[in-house]
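Hi,

Here is the structure I promised to send over. Have a look at it first, and then read on for what turned up in it.

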Amino acid sequence: MSKSPETQLEEFLAPLPAYIRKVLEQGLSSLTQEERTKWFADAAVDNFESAAALQEKYLHIIKRIPARVREYREREIRD
């Protein structure tokens, strides 16, 4: 049996560091200065390719969760 999109999202986010989950779910503007410094330092290591891949995977999963898509779109407009 296939997993629900919500379960897939939980499993995708679970192993990620808290600041990465925060970026994916709340946007970059939600980070503290310390978290932002860590995010940029980590992302710069591979020229932001890992961050882009995580964002792509996150978007792929949430496309099947209308409430999450709505939140994401609202955040994109706001940020």
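Before you dig in, two notes on the source. This is a predicted model, where local features need pLDDT of at least 70 and side-chain atom pairs count only at pLDDT 80 or more, while totals for chains, interfaces and linings use all residues. Residues are numbered from 1 along each chain as its sequence is written, and side-chain values use heavy atoms, with hydrogens and water left out.

First, the overall picture. The protein chain has five helices and zero strands (DSSP runs numbered from the N terminus: H or I of at least four residues for helices, E of at least two for strands). The C-alpha trace spans about 40 × 25 × 20 Å along its principal axes. Of the 79 residues, 28% count as buried (buried is under 20% relative accessible area, exposed is over 50%, partly exposed is in between, with a 1.4 Å probe and protein chains only). Among contacts with a separation of 6 or more, 45% are between residues 24 or more positions apart (a contact is heavy atoms within 4.5 Å).

Helix 2 deserves a look. Its buried residues are Tyr19, Ile20, Lys22, Val23 and Leu24, and they pack against helix 1 (5-13), helix 3, helix 4 and helix 5. After helix 2 comes Gly27, with a positive phi near 95 degrees.

Now the pockets (on a 1 Å grid over the protein atoms alone, a pocket is an open set of points where a 1.4 Å probe fits, with protein on both sides within 12 Å along at least five of seven lines; lining residues have an atom within 4 Å of a point). The largest pocket holds about 180 Å³ of space (a volume is the space filled by probe spheres set on the points, which are joined across faces, edges and corners). Helix 2 (18-26), helix 3 (33-45) and helix 4 (49-62) each give at least two residues to its lining, which includes Tyr19, Trp39, Asp42 and Gln55. By type, the lining splits into eight nonpolar, two polar and two charged residues (nonpolar is Ala, Val, Leu, Ile, Met, Phe, Trp, Tyr, Cys and Pro; charged is Asp, Glu, Lys and Arg; the others, Gly among them, are polar).

The second largest pocket has a volume of about 150 Å³. Among the residues lining this one are Val23, Gly27, Trp39, Tyr72 and Arg75.

Last, the aromatics. There are three aromatic pairs (rings of Phe, Tyr and Trp, the latter by its six-membered ring, pair with centres within 6.5 Å; planes under 30 degrees apart are stacked, over 60 edge-to-face, the rest tilted). Trp39 and Phe40 are edge-to-face because their planes stand at 85 degrees, with the ring centres 4.9 Å apart. Trp39 also pairs with Phe48, this time tilted, at 5.6 Å centre to centre and 55 degrees between the planes. Trp39, at 13% relative accessibility, is buried, while Phe40 at 36% is partly exposed, and so is Phe48 at 32%. Trp39, Phe40 and Phe48 make up one aromatic cluster.

Cheers
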